[in-house]
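Please examine the sequence and the model shown below. The paragraphs that follow lead through selected features.

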Amino acid sequence: SNCIRKKNFIAAKEYINKALMEDYHAPESQNLIGIISELSGNFALAGKHYRAANALDPTYTPASNNLERVTSFN
């Protein structure tokens with residue numbers, strides 16, 4: 001998340017990909033990819049990743065909150 005705050009999305013994606021390889025079913029990785037997509041202006045892709053995170057764990061509130069925010073833009 002430090003890389004995301006610094007807008008170093010390439011490095012952030014590398015870390016997230018490693019996390020996905022370790023646990024593909026963790027909602028945090030999908031949520032982080034959604035954040036990167038959103039910050040890059042790709043709200044449709046962000047929504048897809050937030051939905052994926054929400055499907056993996058409906059109790060993971062960051063993804064739910066992010067999905068609600070992104071879908072309210074459209």
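Is asparagine 66 buried or exposed? Asparagine 66 is buried, its relative accessible area being 11%; buried denotes under 20% relative accessible area, exposed over 50%, and partly exposed in between, with a 1.4 Å probe and protein chains only. The model is predicted: local features need pLDDT of at least 70, side-chain atom pairs count only at pLDDT 80 or more, and totals for chains, interfaces and linings use all residues. Residues are numbered from 1 along each chain as its sequence is written, and side-chain values use heavy atoms, with hydrogens and water left out.

Asparagine 66 belongs to helix H5, residues 61-73. Helices (H or I, at least four residues) and strands (E, at least two) are DSSP runs numbered from the N terminus. When neighbours within four places in sequence are set aside, asparagine 66 is in contact (heavy atoms within 4.5 Å) with Asn31, Ile35 and Tyr50.

Helix H5 also holds arginine 69, which forms a salt bridge with glutamate 38; the closest N and O atoms are 2.7 Å apart. A salt bridge here is a side-chain nitrogen of Lys or Arg within 4 Å of a carboxyl oxygen of Asp or Glu. Because glutamate 38 lies in helix H3 (residues 27-39) and arginine 69 in helix H5, the pair ties together parts that are 31 residues apart in sequence. Glutamate 38 is buried at 12% relative accessible area, whereas arginine 69 is partly exposed at 33%. The whole structure contains 1 salt bridge.

Lysine 7 is found in the loop between helix H1 (2-5) and helix H2 (9-22). Lysine 7 is exposed, with a relative accessible area of 55%, and has a positive phi of about 60° although it is not a glycine. Most residues other than glycine have a negative phi.
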